[in-house]
Amino acid sequence: MTAPVAIQDCYVTTVDPAGSEYPSGHVVMDQGRVVAAGPGPGPQEFAGATRIDGSGRLVTPGLVNTHSHLYQWITRGYATDDTLFGWLETLYPFWARLTPELLSTAAAANLAWLALTGCTSSTDHLYVFPAGAGDLLEAEILAARRIGVRFHPTRGSMNLGQSAGGLPPDSVVEDHDTILAASQAAIDRWHDPSPESMTRIAVAPCSPFTVTEELMRDCAALARAAGVRLHTHVAETRDEEEFCLETYGCTPAQYAEDLGWLGPDVWLAHCVHLSDEAVARFAATGTGVAHCPTSNGRLGSGIAPVRKLLDAGAPVGLGVDGNASNESGRMIDELHQAMLAARYAGGPQAMSARDCLRMATMGGARCLGRDAELGSLEPGKAADLAVWRIDHLPGAGIADPVTTLVFGAPALDHLFVGGQQVVAGGELRTADPAELAAAEAQASAVIAGTP
């Protein structure tokens, strides 16, 4: 049995309901859980714990990534000046070449980078399943276990190809029954609903312009029968809104509600173009939002009404989205970008540093239905935490450590997932970054057709 681990003499921001912070505090982990967090050196009962010097450090809950597409790591740098629809049309032919080997490489590299930028839990929205490609979902789940992050992959889908009036080429869509059977099989094989589990599955048809109404309804029914969560893209761009108005006679948000896709078991990506009425409905139904400010900016999609959503009480988390629309892919950057985006739209009072940190931790945990287990440093919760340098060259001299984290240039020092050390001294401990980089370069060339 391993000894407890105590981080001492650090600035602790717990993100608990009271917003408790301790300028010279401690966090103690034991058996995969937080057992103490508070001021001073820590309880005497943990005097024998393995100690980590936290001086000059800020300890926060681990960051929760609520929306991503891991396979896109090996297709970065394409269509850099396009809107979403043009970007998708450029990239679909590359994604049609996806194999388990390519996805394993992309997922391992992407998850390693997320870990190195403070992420302890990540979702993935995998919706491209080329015919005969093999078991793609298994490839990314095993990659996540290799890197050591908590993982919420979704079994996504597309069944509305170009021949049926959709956007994607027919080569990357599946038929309705295949999708439902594969979704059920993924739940049966991989979903672990136990407390502090490392793998949970959600069901995630891609979007209103790539999936039929029938599939949206049937996926919702399947997920609810199985007790898993639902995820999709909604209201990302004006193009999507025009498509929905022309095709369905309503906005994307109204379309989602008409299909039974609002509720406390649903979280939706982007939600940039929401009316005030939609914001109120999301809050009233407990529907979560994965806010992806960097990707929204990269594609010129607009600024999501995050302040309105938060004020209304809707769960809001942060996401990096796919790295083909956010090439930097740094989880910590989403806090900074969320602050900037809100202030572009609403002025300097629109979003504080602590608002951003709460979205990236407890907000994300709420979106995933895991706020009783994750998202704050409270005794009994999973020991998922990040330790940040605040005394180094870019951080020294900023009086408030949370401002350093969100406004400044933080550097990750340690990362723990379930009490297991994934990053130590700023270095990944579960895989060799140089080997990951070499593999990803080769995989990028293969999927581009130029190995």
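The model is a predicted one, so local features need pLDDT of at least 70 and side-chain atom pairs count only at pLDDT 80 or more, while totals for chains, interfaces and linings use all residues. Residues are numbered from 1 along each chain as its sequence is written, and side-chain values use heavy atoms, with hydrogens and water left out.

Start with the whole chain. It holds 14 helices and 17 strands, taken as DSSP runs numbered from the N terminus (H or I, at least four residues, for helices; E, at least two, for strands). Along the principal axes, the C-alpha trace spans about 65 × 45 × 40 Å. Buried residues account for 60% of the 451, where buried means under 20% relative accessible area, exposed over 50% and partly exposed in between (1.4 Å probe, protein chains only). As for contacts (heavy atoms within 4.5 Å), 73% of those between residues at least 6 apart in sequence join residues at least 24 apart.

Next comes helix 3. This element runs over residues 136-147, and its 12 residues reach 17 Å from first C-alpha to last, close to the 16 Å expected (1.5 Å times one less than the number of residues). Buried positions in helix 3 include Leu136, Leu137, Glu140, Ile141, Ala144 and Ile147. An α-helix has 3.6 residues a turn, so residues three or four places apart point the same way. Cover for the buried residues of helix 3 includes helix 2 (100-116), strand 7 (119-126), strand 8 (150-157), helix 4 (176-190) and strand 16 (420-424). Just after the helix, Gly148 takes a positive phi of about 100°.

On to the aromatics. The whole structure has nine aromatic pairs, counted when ring centres of Phe, Tyr and Trp (its six-membered ring) lie within 6.5 Å; planes under 30 degrees apart are stacked, over 60 edge-to-face, and the rest tilted. Phe85 and Phe209 have ring centres 4.7 Å apart and planes at 55°, so this pair is tilted. Phe85 sits in helix 1 (residues 84-95) and Phe209 in the loop between strand 9 (202-205) and helix 5 (213-226), so the pair ties together parts 124 residues apart in sequence. Both are buried, Phe85 at 15% relative accessible area and Phe209 at 5%. Phe209 also pairs with Phe243: the centres are 6.3 Å apart and the planes at 80°, so the arrangement is edge-to-face. Phe243 belongs to helix 6 (residues 238-248), so this second pair ties together parts 34 residues apart in sequence. Phe243 is buried too, at 17%. Elsewhere, Tyr71, Trp87, Tyr92, Trp95 and Tyr127 form one aromatic cluster.

Ala79 has a positive phi of about 50° although it is not a glycine, and is placed in the loop between strand 6 (63-65) and helix 1. With a relative accessible area of 17%, Ala79 is buried. Ala235 likewise has a positive phi, near 55°, and lies in the loop between strand 10 (229-234) and helix 6. Ala235 is buried, at 1% relative accessibility.
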